[in-house]
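We will go from the whole chain to single residues, one stop at a time.

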Amino acid sequence: MTGARVFALTCLALLAFAGNSLLARAALTETAIDAASFTTIRLVSGAIALWGILALRAGSRSGKTQGDWLSPLALFAYAACFSFAYLGLRAATGALLLFGAVQVTMIGWGLWTGERFSSRQWLGLLLAGAGLVGLLLPGLSAPPLLSACLMLAAGVAWGVYSIRGRGARDPLAVTAGNFMRAGLPALILSALLLPSSSVDAAGVAYAIASGALTSGVGYSIWYTALRGLTATVAATVQLSVPPVAAGLGALLLGEAITLRLAIAAVVILGGIALVIVYPPRAA
């Protein structure tokens, strides 16, 4: 896979992640849908959309999916913990905890398996992290312990899901299989919490868009891009999601773009560029 294709797919996936963040944020704060129902509809709608695409794909064998149970469980853990954590966290706090945990998980795995950073890459990583903290940390109060732990768990689960996705030979089939299997524990969770469930039309619409488009299709694109990325680079580029989400929020939701946001975006993207331009070397 060429470097240009990896770059394009990575950009599309990161836009999907940012869009997913906006949809989830809107659904869980501006509609009546509960976290368990949002998680279930998100995963089930993603599974249906992916199965349909897989079935229509040229050369597909009756929409056959691939995968095992570990990745789907990681996907479910991420989706469920993410939804419930945002009930007690502000968006900035949640993003800081989520992407911090993703970075620690994926970079830790990369270093454990033999990747090494040059001094310039460490500088890039520190710049990206500093830019993210500068964007999100000022004004934040201490988050509720349970919600913070749930978001950290979501970040670890997403890191595991991304690491396992790097070896996928057929990203679409694997992602479809993951969503179909992840839908089962999600349905069980909704059944257990049925007495406290709540849905409305807007919440369901957000959940379907999140599942079918920014999650299902977006994760398939991400699995494809991962084939051309190391674990450490894949972790670092995801630091661009918060400023991208902030920019989309300003464009679509009327949120103001501050000087702090502009400076942080330059620092984060500059740090990511240092990591990518100087690829890690094997031990």
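The tour below starts with the overall fold, then visits a core, a surface patch and one serine.

**Before you click.** This is a predicted model, in which local features need pLDDT of at least 70 and side-chain atom pairs count only at pLDDT 80 or more, while totals for chains, interfaces and linings use all residues. Residues are numbered from 1 along each chain as its sequence is written, and side-chain values use heavy atoms, with hydrogens and water left out.

**Stop 1: the whole chain.** Show the cartoon: the chain has eleven helices and two strands, where helices (H or I, at least four residues) and strands (E, at least two) are DSSP runs numbered from the N terminus. Followed from the N terminus, the order is α-α-α-α-β-α-α-α-α-α-α-α-β. Of the 283 residues, 51% count as buried, meaning under 20% relative accessible area, with exposed over 50% and partly exposed in between (1.4 Å probe, protein chains only).

**Stop 2: the core.** Select Tyr 78, Met 151 and Trp 222, which touch the most other members of the 68-residue largest nonpolar core. Such a core is a set of buried Ala, Val, Leu, Ile, Met, Phe, Trp, Tyr and Cys residues joined through side-chain atoms within 4.5 Å. Helix H3 (residues 70–85) gives the most to this core, with nine residues. Centre on Met 151 next: beyond its neighbours within four places in sequence, its contacts include Phe 82, Tyr 86, Leu 89 and Leu 98 (contact means heavy atoms within 4.5 Å).

**Stop 3: a nonpolar patch.** Select Trp 69, Leu 73, Leu 184, Ile 188, Leu 192 and Leu 193, which make a nonpolar surface patch of about 590 Å². Helix H7 (residues 171–192) supplies the largest share of the patch, three residues. Leu 193 sits in the loop between H7 and helix H8 (201–226), and counts as partly exposed because its relative accessibility is 30%.

**Stop 4: Ser 37.** Is Ser 37 buried or exposed? Ser 37 counts as buried, because its relative accessibility is 11%. You will find Ser 37 in helix H2 (residues 35–56). Not counting residues up to four places away in sequence, Ser 37 touches Ser 190, Ser 197, Ser 198 and Val 199.

Definitions and conventions. Patch = residues over 30% accessible without salt bridge, like charges linked within 9 Å, V, L, I, M, F, W, Y side chains within 5 Å. Areas by Shrake-Rupley, 256 points an atom, 1.4 Å probe, with all protein chains shown as cover. Salt bridge = Lys/Arg side-chain N within 4 Å of Asp/Glu carboxyl O.
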